[in-house]
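Good morning, and thank you for joining.

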Amino acid sequence: MRTVVRGGLVVNATGAAPADVLVEGERIAALAAPDAGLTDGWAAAADRVVDATGRYVLPGGVDAHTHMEMPFGGTTSSDTFATGTVAAAWGGTTTIVDFAVQAKGTSVLSTLDEWHAKADGQCAVDYGFHMIVSDVNDNSLKEMDACVAAGVSSFKLFMAYPGVLYATDGDILRAMRQATGNGALIMMHAENGIAIDQLVARALAEGRTAPVEHGLTRPPELEAEATGRAIQLAGVTGAPLYIVHLSSAPALAAVSQARDAGQNVFAETCPQYLFLSIEDLARPGFEGAKFVCSPPLRPVEHQAPLWRGLRTNDLSVVSTDHCPFCFAEQKELGRGDFSRIPNGMPGVEHRMDLLHQGVLAGELSLARWVEVASTTPARMFGLYPRKGVIAPGSDADIVVYDPTATQTLSAATHHMNVDYSAYEGMEITGKVDTVLSRGRVVLADDTFTGAAGHGRFLRRDLCQYLH
Ligand code: URP
Ligand code: ZN
Ligand code: ZN
Ligand code: ZN
């Protein structure tokens with residue numbers, strides 16, 4: 001199968017230039033300037049010509065933080081690997097890295113087998129796994145090495161959720177020491193869960209039960225404290241550190257300080273922290289439950305520092321933390337007790353579009369948009385140059401993006417398996433037009449043309465900022 005993507009502006013993290021792209025089989029075979037004379041021949045010999053005139057041609061998005069069918073908070077996130085990866089494709093994301101979750105008392109490697117069984121044959125786009133280690137013990141530590149050898153080269157630990165996923169400082173230290181040996185990247189959910197649990201208990205005892213209390217009992221100070229502590233522990237062990245879903249200005253300040261001191265500390269933020277705020281969590285009635293995620297949505301003044309962090313590279317990745325729960329049955333579990341609202345928000349479909357609003361607003365350049373949404377996550381998690389770049393030899397994961405089309409985000413039209421949109425009614429400029437996943441057109445003319453099982457498991461290398 002030969003496809004030519006013609007007439008577009010190819011945007012990589014290094015910049016943008018008009019070019020035609022030749023795809024042979026699953027890979028990009030060549031790029032040529034549109035006036036090179038070459039591409040008439042390419043088009044004549046192609047099985048398919050995609051007209052990208054007036055469009056951007058982007059490397060497929062890499063969403064390095066999703067939770068499909070994740071058991072959490074007494075229920076399971078509502079997108080399966082099948083439905084969630086279709087939604088990803090609609091939004092121009094052609095790779096996800098999802099989290100396998102070790103339950104306490106179980107083995108890391110059996111957990112990995114379990115997650116392979118869930119995803120195998122289901123995914124519409126390529127996927128990898130991180131491993132959540134909730135039970136740090138001698139066996140788990142040994143199994144981390146085997147995970148790295150099996151292409152799972154990053155491990156998430158939790159300073160939040162005592163009794164569930166929580167790791168003590170000692171656990172964290174041991175896991176970090178293991179990572180310095182096997183080259184893996186430690187990812188941290190940095191919130192002080194012990195202190196938060198006290199604030200939650202007190203709120204409930206005082207009859208404060210509404211969704212907004214979720215935000216008020218998880219203040220930025222406790223994210224900043226945990227972020228700083230994780231950085232210090234990483235410093236002591238020499239381990240690199242990646243802070244996930246960073247939401248607040250003081251947590252970012254801790255990251256910036258460590259980076260300025262030369263420490264290998266990286267961080268991601270998510271669209272919900274750039275576009276939504278605690279005002280959404282405070283919507284009347286139980287509506288705020290739709291916006292419950294951890295760390296929580298912050299006062300609006302945290303947004304400008306996050307955008308600035310994306311420009312200075314103190315925030316180097318934007319992932320979604322896609323973890324959808326239906327409002328009707330699942331968020332409902334916490335009516336009358338905010339602490340029982342399942343934590344997580346839908347978003348895998350809208351990351352590229354929302355960040356494009358940042359391009360239009362002058363917050364990000366075109367190249368930086370591609371860098372934070374595709375190139376850096378690919379490098380950070382050992383997938384580059386297979387993913388994250390439009391270049392000969394790379395997988396033909398290509399998004400043709402129309403920067404002038406308009407759309408209105410809504411649960412009525414999105415493809416995620418969840419009964420609400422966090423961005424209901426939001427008007428967006430820009431829209432995904434055509435998507436190729438490893439050379440196959442999976443989205444065109446407003447129709448999904450991919451298939452479950454097309455997506456393959458990606459054995460990832462080590463973090464390419466370090467190795
Ligand atoms: O609220 C969230 N973020 N849910 C997903 C689990 C996690 O901590 O990333
Ligand atoms: Zn987390
Ligand atoms: Zn800096
Ligand atoms: Zn998450």
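Helices here are DSSP runs of H or I with at least four residues, strands are runs of E with at least two, and both are numbered from the N terminus. In UniProt, an unreviewed entry lists residues 56-442 as "domain: Amidohydrolase-related"; such annotations may be inferred rather than shown by experiment, and positions are given in the numbering used here, with feature names shortened.

A word on conventions. This is a predicted model, in which local features need pLDDT of at least 70 and side-chain atom pairs count only at pLDDT 80 or more, while totals for chains, interfaces and linings use all residues. Residues are numbered from 1 along each chain as its sequence is written, and chains are lettered from A and ligands numbered from 1 in the order in which they are written.

Next, the domains. The chain is divided into domain 1 (2-58 + 393-418 + 427-448) and domain 2 (60-380), with bounds from an automatic or database domain assignment. Their centres, taken over C-alpha atoms, are separated by 29 Å. Domain 1 contributes 27 residues to the contact and domain 2 contributes 34, where contact means C-beta atoms, placed from the backbone, within 7 Å. On the domain 1 side, strand S17 (427-437) gives the most, with six residues. By class, that side has 16 nonpolar, nine polar and two charged residues. Ala, Val, Leu, Ile, Met, Phe, Trp, Tyr, Cys and Pro count as nonpolar, Asp, Glu, Lys and Arg as charged, and the others, Gly among them, as polar.

I turn to the sheet. Eight strands form an open, parallel sheet in the order S6-S9-S10-S11-S12-S13-S14-S15; two strands pair if DSSP finds at least two bridges between them. Strands S6 (61-66) and S15 (317-318) are the edges, each pairing on one side only. Four bridges join S6 to S9 (residues 93-101), and Thr66 has Asp98 in S9 as its bridge partner. Helix H3 (residues 108-119) packs on the sheet, touching S9 and S10, and its direction makes about 150 degrees with that of S10. Axes are lines fitted to C-alpha atoms, for helices over the stretch in contact, with angles from 0 to 180 degrees between N-to-C directions.

Finally, which residues are around ligand 1? They are His67, His189, His245, Cys293, Ser294, Asp321, Cys323, Asn343 and Gly344, each with its C-beta atom, placed from the backbone, within 6 Å of the ligand. This shell divides into two nonpolar, six polar and one charged.

Note on methods. Contact = placed C-beta atoms within 7 Å.
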